[in-house]
Amino acid sequence: MSSPNDRPEVWPGTAYPLGATYDGAGTNFSVFSEVATAVELCLIAKDGSETRVDLDEVDGYVWHAYLPSITPGQRYGFRIHGPYDPELGLRCDPSKLLLDPYGKAFDGEFVNDPSLYTYGLDSLGNTMTGVVINPFFDWGPDRPPNRPYHETVIYEAHVKGLTMTHPDIPEDLRGTYAGLAHPAILGHLKSLGVTAIELMPVHQFFHDHVLTDQGLRNYWGYNSIGYLAPHNQYSARPRGDGAVAEFKAMVRAMHAEGIEVILDVVYNHTGEGNHNGPILSLRGIDNAAYYRLDETTPEHYRDYTGTGNSLNVRHPHTLQLIMDSLRYWILDMHVDGFRFDLAATLARELHDVDRLSAFFDLVHQDPVVSQVKLIAEPWDVGEGGYQVGNFPSLWTEWNGKYRDTVRDYWRGEPATLGEFASRLTGSSDLYESTGRRPGASINFVTAHDGFTLRDLVSYNEKRNDANGEGNRDGESHNRSWNCGVEGETDDPRVLALRARQQRNLLATLILSQGTPMLAHGDEIGRTQLGNNNVYCQDSPLAWMDWSLARANADLLEFTRTVIALRTAHPIFRRRRFLAAGPSDDQGHRREIAWFTPAGGEMTNDDWDSGFGKSLAVLLDGDGIAEPGPRGERITDDSFLLCFNAHDEAIDFVLPGPEFGARWALALDCSTPTGAADAEHAAAATLPVAGRCLLVLRRTA
């Protein structure tokens with residue numbers, strides 16, 4: 001504590017904006033707490049000493065002051081005085097130095113110490129501190145790419161995992177935002193043809209002691225503790241506010257290459273955990289306002305996330321925090337959209353999921369947030385939490401039904417043809433009735449959560465022993481198939497089949513209607529050795545092994561080829577759902593037709609066949625109904641996709657002359673790079689290898 005003579009000059013300041021806001025002359029500090037009886041602003045010097053400033057001005061439960069002497073780089077926190085009675089959900093403890101919920105940068109790290117948990121023990125020195133940031137940054141000519149969904153290809157990635165082993169990135173930049181902005185990463189993304197990178201959580205997050213005590217880390221980052229601050233350990237300059245400018249520079253570099261930046265955000269819970277967790281920020285500032293307390297035992301939390309707590313989205317200041325955070329990342333950090341983790345939790349007004357809840361109303365009405373990409377993970381762990389297809393019209397969704405159906409189809413499960421056709425064409429059964437387009441379906445086969453693509457075709461069973469939970473964690477029903485041998489093998493026949501299955505899954509994903517999402521490393525055969533839940537593995541097991549780019553160069557080339565095919569042909573990226581009706585006398589052609597391998601159009605009996613595993617789909621490039629961006633008519637080549645999930649080759653009879661005279665192979669999943677150049681005459685019989693996808697282009 002400093003003496004009164006050392007205390008800075010204090011002006012009343014303003015209640016808005018919340019947080020610490022430097023205006024070029026001084027800094028305004030503002031924090032909400034309805035339960036507090038007094039609030040102290042704590043200024044932390046470089047030597048760790050503390051100067052406390054009483055916040056005497058209170059407007060609408062917002063405590064504030066302006067300090068003209070405080071400039072960027074100042075470390076700070078708050079101490080909240082008020083009632084402490086955990087059985088009633090009251091957890092004010094002025095011995096705790098608390099993080100600003102609106103902090104834009106944090107310094108230091110958390111130390112697993114009793115002072116974070118025990119009433120009356122001072123946590124200063126064992127917790128992080130806020131940092132006043134310099135808000136000024138030279139964005140130059142930066143502009144958002146504003147790419148529509150139907151032209152978007154998403155690449156889900158982890159800041160550290162993507163960059164940690166790349167040989168061309170300097171060692172001091174690996175695992176950082178600067179590493180993401182390195183030409184080696186930008187060049188890889190550009191060469192792939194992806195248009196957006198979706199970053200796993202970059203909000204400041206907390207490594208809980210359950211993991212650190214075992215030598216593990218909260219690698220994935222789904223444990224947020226600061227919703228406006230970039231995670232400081234992903235910065236090459238982690239001290240002070242260096243992470244902020246570094247993150248902005250990364251976004252600027254991505255935009256210069258036409259690549260959008262989407263953030264995976266975790267507004268459903270925080271890293272403070274359950275009732276036994278640490279007091280770091282929201283819990284000590286106003287526990288009942290920020291968290292969903294159990295109505296009968298308010299000492300405990302309503303937990304719809306499986307992490308110990310759920311944010312109280314019924315409270316206006318919690319909603320304000322979420323909305324202010326979203327706007328900050330858009331307006332100040334220039335990001336292009338968000339993927340909302342366990343988004344169903346945000347729709348729980350009481351206990352039921354309500355898609356018309358206050359949060360979604362606010363998003364729809366907000367002129368800033370409503371204009372960026374909004375992607376829901378449409379489920380949580382609570383009752384009734386699986387909500388695929390039920391989000392409002394502005395939203396797109398991770399389509400879990402697409403993932404499950406495509407996996408089942410290619411591993412040969414029966415009775416999948418009808419469902420497979422629906423997922424391949426944009427899942428109109430899920431999205432059309434709410435006025436949404438095919439782009440609302442974020443199609444994926446793999447993501448961070450679960451097997452990698454290579455492991456999906458190599459393991460029937462998860463191998464998560466390294467996580468220290470007795471292999472009980474992670475999904476047990478993976479819809480995977482090991483192609484006959486469990487795990488690693490040198491059997492050339494098994495390896496060839498696994499490689500073909502990876503190509504089948506990638507080609508299906510990229511050429512489906514909707515918005516495809518590729519998990520980082522799948523394009524080079526990344527493996528986690530059967531671990532389907534590497535949330536705690538901050539190690540080479542989870543990092544991307546860039547040596548695989550050489551070892552699996554064919555797979556990388558195949559991925560580039562398929563994405564280039566999608567990019568070049570609007571028939572694979574339609575804005576509207578395909579119309580399956582017949583051609584008419586006005587010249588309107590049908591856009592899609594389905595065929596059996598024998599060449600006949602699919603009947604109801606064919607769709608209902610439990611044993612059927614093969615079909616062909618024709619996409620008519622002359623039948624595209626929607627206009628281009630300037631109202632022009634869109635035409636394209638016509639394509640025939642032949643899917644064979646049987647284990648043996650099948651002869652496909654190509655459609656008759658009314659559908660085209662000649663066809664050329666455009667993609668052959670039986671070859672390592674997809675290369676195909678043979679032509680086939682109309683109505684000819686075309687052999688399709690077992691477990692293989694062929695794509696043909698009409699040439700006449």
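A residue counts as buried when its relative accessible area is under 20%, as exposed when that area is over 50%, and as partly exposed in between (1.4 Å probe, protein chains only). This tour concerns a predicted model, in which local features need pLDDT of at least 70 and side-chain atom pairs count only at pLDDT 80 or more, while totals for chains, interfaces and linings use all residues. Residues are numbered from 1 along each chain as its sequence is written, and side-chain values use heavy atoms, with hydrogens and water left out.

Begin by selecting Val 62, which is buried at a relative accessible area of 6%. Val 62 belongs to strand S6 (residues 62-67); strands (E, at least two residues) and helices (H or I, at least four) are DSSP runs numbered from the N terminus. Leaving aside neighbours within four places in sequence, display the contacts of Val 62 (heavy atoms within 4.5 Å): Ala 15, Leu 18, Ser 30, Val 31, Phe 32, Glu 57 and His 317.

Next, select strand S7 (residues 75-81). Five of its seven residues are buried, so S7 is largely enclosed by the rest of the structure. Two strands pair if DSSP finds at least two bridges between them. S7 pairs with strand S3 (residues 38-44) in the antiparallel sense over seven bridges, and Leu 41 stands opposite Phe 78 in S7. Strand S11 (residues 129-131) also runs antiparallel to S7, joined by two bridges; here Tyr 76 stands opposite Gly 130.

Move to Thr 195, in the loop between helix H3 (183-192) and strand S13 (196-199). Thr 195 counts as buried because its relative accessibility is 8%. Beyond neighbours within four places in sequence, its contacts include Arg 147, Glu 151 and Gly 258.

Finish with the pockets. A pocket is an open set of points on a 1 Å grid over the protein atoms alone, where a 1.4 Å probe fits, with protein on both sides within 12 Å along at least five of seven lines; lining residues have an atom within 4 Å of a point. The largest pocket holds about 1500 Å³ of space. Of its 50 lining residues, Trp 220, Thr 305, Gly 306, Thr 307 and Asn 533 are the closest to its centre. Helix H4 (209-212) and helix H9 (400-410) each supply at least two residues of this lining.

The second largest pocket has about 680 Å³ of space, a volume being the space filled by probe spheres set on the points, which are joined across faces, edges and corners. Among its 29 lining residues, Asn 146, Asp 336, Gln 371, Val 372 and Lys 373 lie nearest its centre.
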